[in-house]
Amino acid sequence: DPVRTAAQAHVATTRVARALARDRRLADGTTLKTDPIALEAMQRHLRRRFGEEPRDQELLRHGALFGEILARALGARWESVADEPASWVMIVPPSVRVAPIGRVMRFFEHRHRKSDLVAFYFELEKSARGR
């Protein structure tokens with residue numbers, strides 16, 4: 001079913017993130033939690049497994065995990081959805097707008113020309129903590 005609301009985006013990305021965590025646990029014994037360590041494991045996995053050509057579906061799944069990490073660790077909430085999941089927006093308190101799926105996709109498009117996802121997470125955490 002198409003996602004049309006922020007609440008539906010929350011449910012959909014939570015399900016996708018849980019499925020990804022289950023798949024990783026069964027495939028290689030990796031336990032993904034909702035913290036920056038999971039982001040580092042995610043980056044390593046995608047680089048190692050897909051090298052220069054990651055599949056869009058895998059980036060979407062990992063972007064959903066990034067959104068789930070932002071929701072659980074920083075209190076982010078889905079604000080708006082569009083036709084393309086890469087354009088879905090979350091608000092990280094107090095008011096930072098982020099597109100977690102799009103951010104994962106752009107990271108792999110631009111490689112090392114941008115900060116990695118862990119560094120980006122810590123920037124968001126600093127903003128959320130008011131420092």
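I began with the charged side chains and found R22, D23, E58 and R61 linked in a network of salt bridges, a salt bridge being a side-chain nitrogen of Lys or Arg within 4 Å of a carboxyl oxygen of Asp or Glu. I note that this is a predicted model, in which local features need pLDDT of at least 70 and side-chain atom pairs count only at pLDDT 80 or more, while totals for chains, interfaces and linings use all residues. Residues are numbered from 1 along each chain as its sequence is written, and side-chain values use heavy atoms, with hydrogens and water left out.

**Salt bridges**

I counted 8 salt bridges in the structure. I then checked accessibility: D23 is partly exposed at 28% relative accessible area, whereas R61 counts as buried at 16%, where buried means under 20%, exposed over 50% and partly exposed in between, with a 1.4 Å probe and protein chains only.

I next took R72 and E68, which form a salt bridge with their closest N and O atoms 2.6 Å apart. Both residues lie in helix α3, 4 residues apart, which is about one turn of the helix, and E68 is buried at 6% relative accessibility.

E79 belongs to strand β1 (residues 77–80) and R97 to strand β3 (residues 96–98), so the pair ties together parts that are 18 residues apart in sequence. I recorded E79 as partly exposed at 39% and R97 as exposed at 52%.

**Largest pocket**

I read the volume of the largest pocket as about 170 Å³. A pocket is an open set of points on a 1 Å grid over the protein atoms alone, where a 1.4 Å probe fits and protein lies on both sides within 12 Å along at least five of seven lines, and lining residues have an atom within 4 Å of a point. The volume is the space filled by probe spheres set on the points, which are joined across faces, edges and corners. E68 and R72 are among the lining residues, which also include T14, R18, K33 and L65. I noted that α1 supplies the largest share of this lining, 5 residues.

The buried residues of α5 are L117, V118, F120, Y121 and L124. Seen down the axis, they fall within an arc of 160 degrees, so they line one face of the helix; the arc is that of the directions from the helix axis to the C-beta atoms. After α5 comes G130, with a positive phi near 80 degrees.

Lastly I looked up R103 in helix α4 (residues 100–110), which counts as buried at 8% relative accessibility. The C-alpha atoms of R103 and F66 are separated by 9.0 Å, although these residues are 37 residues apart along the chain.

Key:
Helices (H or I, at least four residues) and strands (E, at least two) are DSSP runs, numbered from the N terminus.
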